[in-house]
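This briefing is intended for a reader who is meeting the structure for the first time. Please look over the sequence and the model before turning to the points below.

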Amino acid sequence: MADKKSTASTSKRDALRAQQEAQESAKKRRRIIGVIAGVVIVAAVVVAVVLGLNHKSDDVPTTGQITPPSATKDGVYTLNKDKAKDGVPTVTVFQDYQCPACKGAEDLLGKPLNDLSSKGEIKLQYHTLTFLDRNLRNDSSSRAAMAAAAADVVGKYEAYHDVVYSHQPKEEGAGYTDEQLRKEFASEAGITGKDLTTFQRVYDNKQTEQFVKNGSDQGLQELQKFGSAGTPTFLVDGKPWEGWGDFQAVPSADELLKAIKKAH
């Protein structure tokens, strides 16, 4: 009789142990499934982010003329357009990439202008002209402008714009080579991977040619309203601003903003 009770007790313990082990195994399976699901979600998020970063290149047409996303059809680029605070001054710079005086202005004011723009303290615009092609008997102004527009297509206008001026030839009229514009400058501006392929395709196919021509024509007409046809020309809120030329050394962003506000 005692042996039967002992056997029954043992069976109950074995059954209880088996039940506990089954429950523990189920918990482990749920944890593993949870971890796998988490990994899948993270992977999906990473893919989404990567696709989001590359959407600019993916959406660019392979043929036909393009208006860069930061610009109007009239050729006016607006940098950091979503950052400008309400009521801030609008600074418009008329430029030509072969213009030595434009490089001088860029060396002097480029960095503080970029700083003010990135902080939303001004609305910074660029209007690119190409009239020096005719004066210098080459096409470097147009090709540089087309390359800068192609850089804007992949979100790198500001960086590319700065790189072009940093490499402007010391001898006026020497111009830029295609090797510089499509490879060297692009690399220095941080255009890589799929964006580089898109940038070079847009440049090689001259998909921003009409935009550049129209922008230059519109820019010259705009300057003539003020009795000027030269670059650089600065406007503050649509009115000529000569005060930029008063700076003899690179000003701080605060100093430049104070001068701009005087003309505001």
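The model is a predicted one.

- Strand β1 pairs with strand β3 (residues 123–128) in the antiparallel sense, over 4 bridges. Within this part of the sheet, V76 is found opposite H127 of β3.
- Strand β2 (residues 90–95) and β4 are likewise joined in the antiparallel sense, through 4 bridges. Here V93 is placed opposite F234, a residue of β4.
- β4 and β5 make up a hairpin, with 2 residues between the strands. D237, which lies in the turn, has a positive phi of about 55°.

**Helix α8**

- Helix α8 runs over residues 193–204, a stretch of 12 residues. At 1.5 Å a residue it should span 16 Å, and the distance of 17 Å between its end C-alpha atoms therefore agrees with expectation.
- The buried residues of α8 are D195, T198, F199, Q200, V202 and Y203.
- After α8 comes K206, with a positive phi near 55°.

**The second largest pocket**

- A total of 17 residues line the second largest pocket. Those nearest its centre are D139, S142, R143, M146 and E209.
- The elements giving two or more residues to this lining are α5 (140–153), α8 and α9 (209–224). Helix α9 supplies the largest share, with 6 residues.
- By residue class, the lining of the second largest pocket consists of 5 nonpolar, 3 polar and 9 charged residues.

- Side chains of opposite charge can pair when their charged atoms come close.
- E121 and K85 form a salt bridge, in which the closest N and O atoms are 2.8 Å apart. This pair links distant parts of the chain, since E121 belongs to the loop between α3 (100–118) and β3, K85 to the loop between β1 and β2, and the two are 36 residues apart.
- E121 has a relative accessible area of 22% and is partly exposed. K85 also counts as partly exposed, at 44% relative accessibility.
- R143 and D178 meet through their side chains in a salt bridge of 3.0 Å, N to O. This pair too links distant parts of the chain: R143 is in helix α5 and D178 in helix α7 (residues 178–188), 35 residues apart.
- R143 has a relative accessible area of 14%, so this residue counts as buried, the limit being under 20%. D178, by contrast, is partly exposed, with a relative accessible area of 40%.
- R143 and D178 also belong to a network of salt bridges that includes D139. Of these residues, D139 and R143 are among those nearest the centre of the second largest pocket.

- D217 and K213 form a salt bridge whose closest N and O atoms are 3.2 Å apart.
- Both residues lie in helix α9, and because they are 4 residues apart, about one helical turn separates them.
- D217 is partly exposed, its relative accessible area being 33%. K213 counts as partly exposed as well, at 48% relative accessibility.

Technical notes:
Residues are numbered from 1 along each chain as its sequence is written. This is a predicted model: local features need pLDDT of at least 70, side-chain atom pairs count only at pLDDT 80 or more; totals for chains, interfaces and linings use all residues. Side-chain values use heavy atoms; hydrogens and water are left out. The expected span of a helix is 1.5 Å times one less than its number of residues. Buried means under 20% relative accessible area, exposed over 50%, partly exposed in between (1.4 Å probe, protein chains only). On a 1 Å grid over the protein atoms alone, a cavity is a set of points where a 1.4 Å probe fits but cannot get out, and a pocket is an open set with protein on both sides within 12 Å along at least five of seven lines; lining residues have an atom within 4 Å of a point. Ala, Val, Leu, Ile, Met, Phe, Trp, Tyr, Cys and Pro count as nonpolar, Asp, Glu, Lys and Arg as charged, and the others, Gly among them, as polar. Two strands pair if DSSP finds at least two bridges between them. A salt bridge is a side-chain nitrogen of Lys or Arg within 4 Å of a carboxyl oxygen of Asp or Glu.
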